[in-house]
Amino acid sequence: MKAKSILCSVMLLLTMNMAGQDNLAAGWITGGGYEQPEVVMPMHIGSLAEAISQRPALPTVADLMSEEAKAAYAKKALAYEQAAQRFHAEQQIALQRLQSDIIRLGNDKRQQQARQQQAMQQASAKGLMPSQEELMQAVMSSGLNLETATEEQMMNVVADMYAKKWNISQADARTFMAMAMTQPQKAEAFLKQKYPELYQKLSKDMPGADQFMDLDADENTYGQLGDALMALSEEARGVKEANMDMSKHVMNNQIANSIEDYSITLPGLPTNEMEQLYSQIIKGWATSAECAEANRLENALITRLEEWMRTVDTKNGAVPYPQWWVAERKKINAQIDAWNKRQAEAWLAAMAKYDTQLQGLAQRLVELDNQLETVRGGKPMNVAYCMAKMQVHTARTNMYDYLFNCSAALNFPHVSRLPEQGSYDPMGGY
């Protein structure tokens, strides 16, 4: 017999204070569990997208209806979850590296900004660029309302100022400035091709011009994706808190512990609803019509079996139980199956309600993470990218339950089916 296991708690046959055989069937309810797989096929999860796409579907009612079915499902669920745990640990290490990168890149950016500021001041002193005072005066004299002016209007004023300073057309200055904000290399090529003398002068006489030209075209896009990821992370946190209120969790444990005639410790369940349902299923079996009928059949079967044992010839060893005993046990198990099936449907519906919420969030997270990496396109990291990536990790943590809902579903409390084969041996009992 393989060792029984249950995730987060030991599988326990819950006991009742039974008088005679009156409450015999009431003690067949268990706290859930499955046959622990001896061999689990190794899996590898190398990305967030794989973590979401490779997760098995939640178990079906059929997967929960027998120990064999649960063991078969557990084999694939645990193979995935072992890989998911390794992936989560790897991502925690990646998060630590990302935090270090933010500090390092932040220092680099501050140094670059200082160099850019110095270059602009030196260029302004040589008359190659407008000074801050000239730019401010141009903006103030433009007649624009600074509170309502668009980014394009402000950029046009600045571009016109550069047109005067560089003695180029306003149209070309505006084209150059627009390119510089989104495609700095293309902007540099434009200036080099159309105004080669100006380009040479800037390159030769303006110290740090390369730093000034080094504009990050993706800053705004990273920022927008970071905002979207932050909103998604908050939504995921809200879903988690709405489904698992800690004050309700404490109350549910108290209720479970106080159920008369049982000793229940709630296993690790992801929602308050499932905690409540767990206790309801445990308590509900003893008062169900199926339990009453199973109890009647089993008590009658025991009486009949005892009569049969008084007459059976066992001189040649153990004697298999008669076919009428097998037939009656099948009737009893039919009552158990009917009860288990109805409870499994309610159990999985409660799990699916929460899991579906997380699935939608997880898929959106993968989409945003893919967009983030597409924008980066293999380019070196910068602070804006790292800050957005931090939100990916935060959102992933807030959706952690999604990776382990499969095994949580196996905590389904159920009534154990009775053996349908047996034999009588006076020396060994029955």
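1. **Glu-420 and its partners.** In this predicted model, the side chains of Glu-420 and Asn-333 are joined by a polar contact of 2.8 Å. Glu-420 has a polar contact with the side chain of Lys-330 as well, at 2.9 Å. Look for Glu-420 in the loop between strand 5 (414–415) and strand 6 (423–424).

2. **Is Glu-420 buried or exposed?** The cut-off for buried is under 20% relative accessible area. Glu-420 has 18% relative accessibility, so it counts as buried. Set aside its neighbours within four places in sequence. Glu-420 is then in contact with Trp-325, Val-326, Arg-329, Lys-330 and Asn-333.

3. **The largest nonpolar core.** This core has 51 residues. Which of them touch the most other members? They are Trp-28, Ile-29, Trp-285, Trp-308, Ile-332 and Trp-347. Five helices each supply at least two core residues: helix 2 (67–125), helix 11 (272–285), helix 12 (289–311), helix 13 (323–376) and helix 15 (405–409). Helix 13 gives the largest share, ten residues.

4. **Trp-308 up close.** Trp-308 is one of the core residues that touch the most other members. Leave out residues up to four places away in sequence. Trp-308 then touches Val-319, Pro-320, Tyr-321, Pro-322, Trp-324 and Tyr-424.

5. As background, nonpolar side chains in soluble globular proteins tend to be buried together.

6. **Helix 14.** This helix covers residues 383–398, which is 16 residues. From first C-alpha to last, helix 14 reaches 23 Å, close to the 22 Å expected at 1.5 Å a residue.

7. **Why is helix 14 described as largely enclosed by the rest of the structure?** Twelve of its 16 residues are buried, so the rest of the structure encloses most of helix 14. Among the buried residues are Val-383, Ala-384, Tyr-385 and Cys-386. The list also includes Lys-389, Gln-391, His-393, Arg-396 and Asn-398.

8. **Helix 9.** Helix 9 runs through residues 219–243 and has 25 residues. Its C-alpha span, first to last, is 36 Å, close to the 36 Å expected at 1.5 Å a residue. The buried residues are Tyr-222, Leu-225, Gly-226, Leu-229, Leu-232, Ser-233, Ala-236, Val-239 and Asn-243. Now check their numbering against the helical turn. An α-helix has 3.6 residues a turn, so residues three or four places apart point the same way. What covers the buried residues of helix 9? The cover includes helix 11, helix 13 and helix 14.

9. **Cysteines.** The structure holds zero disulfides. Cys-291 is buried, with a relative accessible area of 5%. Cys-406 is buried too, at 0%.

10. **The whole chain.** The chain has 15 helices and six strands. Of its 430 residues, 46% are buried. Take the contacts between residues at least 6 apart in sequence: 77% of them join residues at least 24 apart. The chain exposes about 22,900 Å². Carbon and sulfur atoms supply 53% of that area.

Notes: Residues numbered from 1 in each chain as written. Predicted model: local features only at pLDDT ≥ 70, side-chain atom pairs only at ≥ 80, totals over all residues. Heavy atoms only, no water. Core = buried A, V, L, I, M, F, W, Y, C linked by side-chain atoms within 4.5 Å. Buried < 20%, exposed > 50% of the residue type's maximum accessible area, 1.4 Å probe, protein only. Helix = DSSP H or I, 4+ residues; strand = E, 2+ residues; numbered from the N terminus. Contact = heavy atoms within 4.5 Å. Expected span 1.5 Å × (residues − 1). Polar contact = N/O pair within 3.5 Å; in protein donor to acceptor, adjacent residues only side chain to side chain. Areas by Shrake-Rupley, 256 points an atom, 1.4 Å probe, with all protein chains shown as cover. Disulfide = S-S within 2.5 Å.
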